[in-house]
Amino acid sequence: MTDKRTKINIRAIIKRKIKFFAKRALQKLPAGLQKEHYQDALITYDKRSGSYVDEYMRRHDEGGLVSLGTHYGEIKQVNYGESVDLHNKWLSELVASLLGKDPGSVLEAGAGECTTLLPVAEFINQEQNSYNGSDISWSRCKFARDFSAQKSIALDTLSAANILQLPYPDNSIDIVYSHYCLEELGGYELEAIQEMYRVARKYVFVIEASYELGSKGQRTKLYNRGWNLGIIPSVKKLGYKILKHELVPYCHDAYHHGALVLIEKNPTSVNSPKAPSHACPKCHSKLTKIEHGLKCEPCGLVYSNLQGIPVFLLNNAIVASHCTN
């Protein structure tokens with residue numbers, strides 16, 4: 001039996017190593033081949049749309065998921081729904097403390113179906129705040145919009161956009177954050193953090209499974225998959241000020257324990273509770289409304305508006321410098 005388990009473990013390690021090096025090799029492929037692989041991955045991600053809202057809505061179902069989690073350093077069996085609610089409450093208290101006593105603006109980059117952003121807004125319960133979300137999948141944005149209507153919590157802006165090319169002007173949103181989003185970027189952590197920092201006015205934070213602070217098993221898993229290895233090195237390389245780097249208190253998966261990395265930009269800035277204006281994700285210029293979309297005059301790019309959700313993915317932009325109303 002021991003020999004059989006050893007063989008299974010060796011096979012699993014070999015598979016992880018192959019996936020890790022395949023991912024590294026993919027980054028060196030010609031752009032055309034990379035794009036095809038990227039599109040296949042995006043299609044798979046998009047087709048799973050709706051599953052996050054469904055999972056969130058059923059989190060307290062009788063006989064719900066019980067898993068090995070961590071609550072304030074204690075590893076124990078935890079109820080999934082309870083753990084999620086405790087985490088979201090803690091997260092809402094963090095956001096509220098960063099905003100201070102005045103209403104302000106918040107953006108979740110890579111927000112998926114907004115099953116984190118909207119519960120945070122619900123916990124904070126400050127109608128004057130501006131909540132904004134973006135995700136690379138249009139379908140996930142659609143489910144986020146439906147979820148927003150279901151919870152009667154307004155999202156001021158919602159768009160299909162790449163976290164590496166956010167459709168907002170510089171210094172336009174008080175707090176910009178990502179939540180278990182960067183792990184699939186595979187080496188682009190620096191660009192993602194730099195882009196969030198560009199858009200942020202006061203603070204940036206990321207919550208991702210931690211390589212530095214995780215258990216030995218978690219570090220091995222993250223290393224083999226190439227996940228989140230560059231977060232802290234990237235922040236240090238960029239010279240940003242880290243206020244906090246610590247494990248989050250509530251996590252329903254002890255082997256994927258997230259850590260908060262809180263970055264200070266300009267905490268003395270005055271909060272802005274008004275909805276931010278979208279900007280060109282390429283040059284960050286102001287956009288002009290035209291029929292069925294938005295146009296960037298300097299770039300000559302037109303971004304479509306699909307069923308009320310603008311699509312700011314540069315691969316899908318239309319080069320139409322002479323397009324007018």
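Two strands are taken to pair if DSSP finds at least two bridges between them, and strands of a sheet pair in general through backbone hydrogen bonds, either parallel or antiparallel. In this predicted model, an open sheet of three strands has the order S2-S1-S9, and its pairing is antiparallel. Strand S2 (74-79) and strand S9 (250-251) form the edges of the sheet, each of them pairing on one side only. Strand S1 (residues 66-71) is joined to S2 by six bridges, the two running antiparallel, and within this pair Gly 69 of the sheet stands opposite Lys 76 in S2. Helix H4 (residues 80-99) packs on the sheet, where it touches S1, S2 and S9, and the direction of H4 makes about 115° with that of S2.

These elements belong to a chain that has nine helices and 15 strands. Of its 325 residues, 49% count as buried, while the chain exposes about 16,700 Å², of which carbon and sulfur atoms supply 53%. Among contacts between residues at least 6 apart in sequence, 72% join residues that are at least 24 apart.

Two further helices illustrate how buried residues are placed. Helix H8 (residues 216-225) has Gln 218, Lys 221, Leu 222 and Asn 224 as its buried residues; these lie on the same side of H8, because they cover an arc of only 165° around the axis. In an α-helix there are 3.6 residues a turn, so residues three or four places apart point the same way. Just after H8, Gly 226 takes a positive phi of about 70°. Arg 140, in turn, lies in helix H6 (residues 138-151) and counts as buried, because its relative accessibility is 1%, under the limit of 20%. Beyond its neighbours within four places in sequence, Arg 140 is in contact with Tyr 45, Arg 48, Ser 49, Ser 51, Tyr 52, Gly 112, Glu 113 and Asp 135.

The cysteines were examined last. A disulfide is a covalent bond between the sulfur atoms of two cysteines, and with a cut-off of 2.5 Å between the sulfur atoms the count comes to zero disulfides. Cys 114 is in no disulfide, the nearest cysteine sulfur being that of Cys 141, 7.3 Å away; with 0% relative accessibility, Cys 114 counts as buried. The sulfur of Cys 283 is 3.4 Å from the closest cysteine sulfur, which belongs to Cys 299, and this is too far for a bond. Cys 283 counts as partly exposed, because its relative accessibility is 29%.

Key. Residues are numbered from 1 along each chain as its sequence is written. This is a predicted model: local features need pLDDT of at least 70, side-chain atom pairs count only at pLDDT 80 or more; totals for chains, interfaces and linings use all residues. Side-chain values use heavy atoms; hydrogens and water are left out. Buried means under 20% relative accessible area, exposed over 50%, partly exposed in between (1.4 Å probe, protein chains only). Helices (H or I, at least four residues) and strands (E, at least two) are DSSP runs, numbered from the N terminus. Contact means heavy atoms within 4.5 Å. Accessible areas come from the Shrake-Rupley method with a 1.4 Å probe; for residues, only the protein chains shown count as cover. The arc is that of the directions from the helix axis to the C-beta atoms. Axes are lines fitted to C-alpha atoms, for helices over the stretch in contact, and angles run from 0 to 180 degrees between N-to-C directions.
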